[in-house]
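Please look at the sequence and structure first.

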Amino acid sequence: MRIVPISLPTPFYIGPVNVYLIAEDPITLIDTGPKTKEAIEALQDGLRKAGFRVSDIRRIVLTHSHEDHCGLAHSLRDQAKDAEVLIHDWETGHRAARLEYEENRALLTRAGLPENEIEWMRRMYDSVRRYADSFEDHEYNSLHDNGTLEFASGTLEVIHTPGHTPGSCSFLREADRTIIAGDCVLKRITPNPILSPDPIDKTRRFPSLAEYQVSLARLRALAPTLVYGGHGDAVHDFEELFNRYVRAMRERQAQVIKLLPKSGATAWEIAQTLFPDTDDVHRFLAVSEAVAHLDLAQSEGKIAVELSNGKEIYRPLSAK
Ligand SMILES: [Zn+2]
Ligand SMILES: [Zn+2]
């Protein structure tokens with residue numbers, strides 16, 4: 001089973017995105033790139049070099065529903081005459097045209113964001129939305145943990161690896177323990193556990209960092225020899241990367257706990273202290289990072305949280 005990485009440009013800060021062609025029947029594309037002219041041209045070019053055209057694609061599999069990964073799915077499916085589209089049920093947003101404005105607004109309010117900041121983030125999100133088309137519920141099929149994608153000469157196993165997003169999935173070729181991991185594994189940066197509503201109970205936050213640690217441990221247990229990520233180079237030494245991630249998460253947690261004043265602080269206040277000069281989408285990522293670490297520290301019994309005037313106030317335990 002031939003896996004062909006194709007790098008596509010994105011208009012986002014993160015830079016190019018990697019999509020993966022499985023050059024075997026049924027011809028499958030894992031992730032698609034954003035909905036831009038530059039990305040579609042680069043994709044056509046990459047497919048051509050591998051000996052294929054868009055119309056040859058029979059199956060589109062999405063690691064998650066961020067615009068840089070899923071943006072072209074709809075138009076590729078149309079061009080490829082109804083190729084099957086697969087994504088995990090826990091990916092919302094673009095998958096099902098459910099943008100979850102209200103749920104996200106509630107989560108941001110509880111994290112301590114002022115109203116004007118929430119409005120600003122909403123406008124920013126609207127401007128990013130144009131890089132992806134939405135899917136209706138009936139237009140895709142569901143990926144299931146431990147499910148398989150069958151090919152002429154082998155299979156890819158679906159591994160649900162939540163954390164970056166609730167429905168993030170990775171794909172294992174068992175024969176040589178190669179994994180395609182989307183944004184779950186990125187060589188140069190620690191992936192950001194994005195603030196999201198829990199797909200089961202949307203009034204709650206998804207415990208992204210706790211889930212992410214479980215996902216990383218699960219991938220590690222598979223002893224991968226090669227991991228293809230959503231951005232940047234492939235990872236040959238997953239063990240080294242795993243340990244680096246664990247160290248970075250431990251250090252960030254210690255930093256976050258240390259920043260908490262005795263009087264308590266919201267996640268928004270901690271985010272601003274952690275990343276004082278952030279702009280654009282990074283303000284949302286900064287809040288996501290702060291919430292993720294505060295949530296995890298609290299669930300591990302290291303800090304306390306209480307709701308005050310609709311905002312969550314985190315406090316060091318010694319202050320109680
Ligand atoms: Zn992503
Ligand atoms: Zn990405």
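**Sheet and domain contact**

In this predicted model, 5 strands form an open sheet with mixed pairing, in the order β7-β8-β9-β10-β11. Strands are DSSP runs of E with at least two residues, helices are DSSP runs of H or I with at least four, and both are numbered from the N terminus. Two strands pair if DSSP finds at least two bridges between them.

As a predicted model, it has local features given only at pLDDT of at least 70 and side-chain atom pairs only at pLDDT 80 or more, while totals for chains, interfaces and linings use all residues. Residues are numbered from 1 along each chain as its sequence is written, and chains are lettered from A and ligands numbered from 1 in the order in which they are written.

- β7 runs antiparallel to β8 (residues 154–160), and 4 bridges join them.
- Thr148 stands opposite Glu157 in β8.

**Domains**

- The domain assignment, automatic or from a database, gives domain 1 (3–243) and domain 2 (258–319).
- The contact (C-beta atoms, placed from the backbone, within 7 Å) takes 17 residues from domain 1 and 20 residues from domain 2.
- On the side of domain 1 that touches domain 2, α4 (101–110), α5 (115–129) and α6 (208–221) are the elements that give two or more residues.
- α6 gives the most to that side, with 3 residues.
- The centres of domain 1 and domain 2, taken over C-alpha atoms, are separated by 27 Å.

Notes:
Two residues are in contact if their C-beta atoms, placed from the backbone, lie within 7 Å.
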